[in-house]
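Open the model in your viewer and keep the selection panel handy.

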Amino acid sequence: MNSIQDPFQMTDKVRDIVLRFPKSADYFRSRKIDFCCGGNRPITEAADESGVSAEELLAELNCMMAEHPQTGEEQHWPNAESADLIEHIVGKHHRYLRDELPEIQKYVTKVSRVHGEHDPHLLEVARLFGELRRELLEHTDKEEAEVFPKMLNWESGRESEVLGKLQTNIAELESEHDGAGQILKRLRELTSDFAPPAHACTTYRLTYSRLEELEGMTFTHVHLENNILFPRYAL
């Protein structure tokens, strides 16, 4: 049973733990616990889904917090101005998607073409990735062209009409996040947690590695929006 002095308790929600201690995002990923789209739930529910006891999760998280109290690149974003956070999301995460998705597409296409007959799951990986790529790029374009400007507009004028439209937009974005999360979950399942088979060539292995990196970057991207940026407009 955890002590009252421990930083995290049974009633804490997953997303709140990540907000207070960003390094925990890596831990939740390793436990296959969704901290972005599925972060609005207590640690006990997340533990049940992952098959690990809540006591064990809390003990490990509290130990990590004691060893690394102020780590993680996202440490200060909860207190940042919305304009600065938006600039970070666009400059780092949107740019990453625009640069990386076309490159991953080349790898996925090549590997599915060369190895798809022997490993037919790669054909489904290619199909799902194509869907994910299209959705993510459309999503980022919508944010930059429509939603983010509305956020900054509301910040300056605080007009109720703008806020109402913005909240509708945010609900749509969160739904799109859920859809992307489901595709990433299926990609992880199809690739056995991005573990290439023994016969995999270098390109095959690199494809899995880049897909796993994409998953991690997307989880952080969605966390910044769902758990930090979007709640500021749920007034």
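**First stop: H7 and H8**

Select H7 and H8, which pack at an angle of about 155° with their axes 11 Å apart. Axes here are lines fitted to C-alpha atoms, for helices over the stretch in contact, and angles run from 0 to 180 degrees between N-to-C directions. Helices (H or I, at least four residues) are DSSP runs, numbered from the N terminus. H7 and H8 are therefore roughly antiparallel to each other, a label for angles over 145 degrees. Their crossing is left-handed, meaning that the near helix is turned anticlockwise from the far one by less than a right angle.

Before you go on, note that this is a predicted model in which local features need pLDDT of at least 70 and side-chain atom pairs count only at pLDDT 80 or more, while totals for chains, interfaces and linings use all residues. Residues are numbered from 1 along each chain as its sequence is written, and side-chain values use heavy atoms, with hydrogens and water left out.

Now show side chains. On H7, pick Glu 174, His 177, Leu 184 and Arg 188; on H8, the partners include Phe 219 and Val 222. Contact means heavy atoms within 4.5 Å. By class, this contact has three nonpolar, three polar and five charged residues; Ala, Val, Leu, Ile, Met, Phe, Trp, Tyr, Cys and Pro count as nonpolar, Asp, Glu, Lys and Arg as charged, and the others, Gly among them, as polar.

**Next: the loop**

Move to the loop between H7 and H8 and select Ser 192. Its phi is near 55°, a positive value in a residue other than glycine. Then pick Phe 194, in the loop between H7 and H8; Phe 194 has a positive phi of about 60° without being a glycine.

**Then: H6 and H7**

H6 passes H7 in a left-handed crossing. The contact of H6 with H7 comprises 17 nonpolar, five polar and 10 charged residues.

**Last stop: the largest pocket**

Which residues are closest to the centre of the largest pocket? Select Lys 32, Asp 34, Glu 49, Lys 185 and Phe 219, out of 20 residues in the lining. H7 gives the most to this lining, with seven residues. Color the lining by class to see four nonpolar, four polar and 12 charged residues.

How values were computed: On a 1 Å grid over the protein atoms alone, a cavity is a set of points where a 1.4 Å probe fits but cannot get out, and a pocket is an open set with protein on both sides within 12 Å along at least five of seven lines; lining residues have an atom within 4 Å of a point. Helices (H or I, at least four residues) and strands (E, at least two) are DSSP runs, numbered from the N terminus. Angles under 35 degrees count as roughly parallel, over 145 as roughly antiparallel, 65 to 115 as roughly perpendicular and the rest as oblique.
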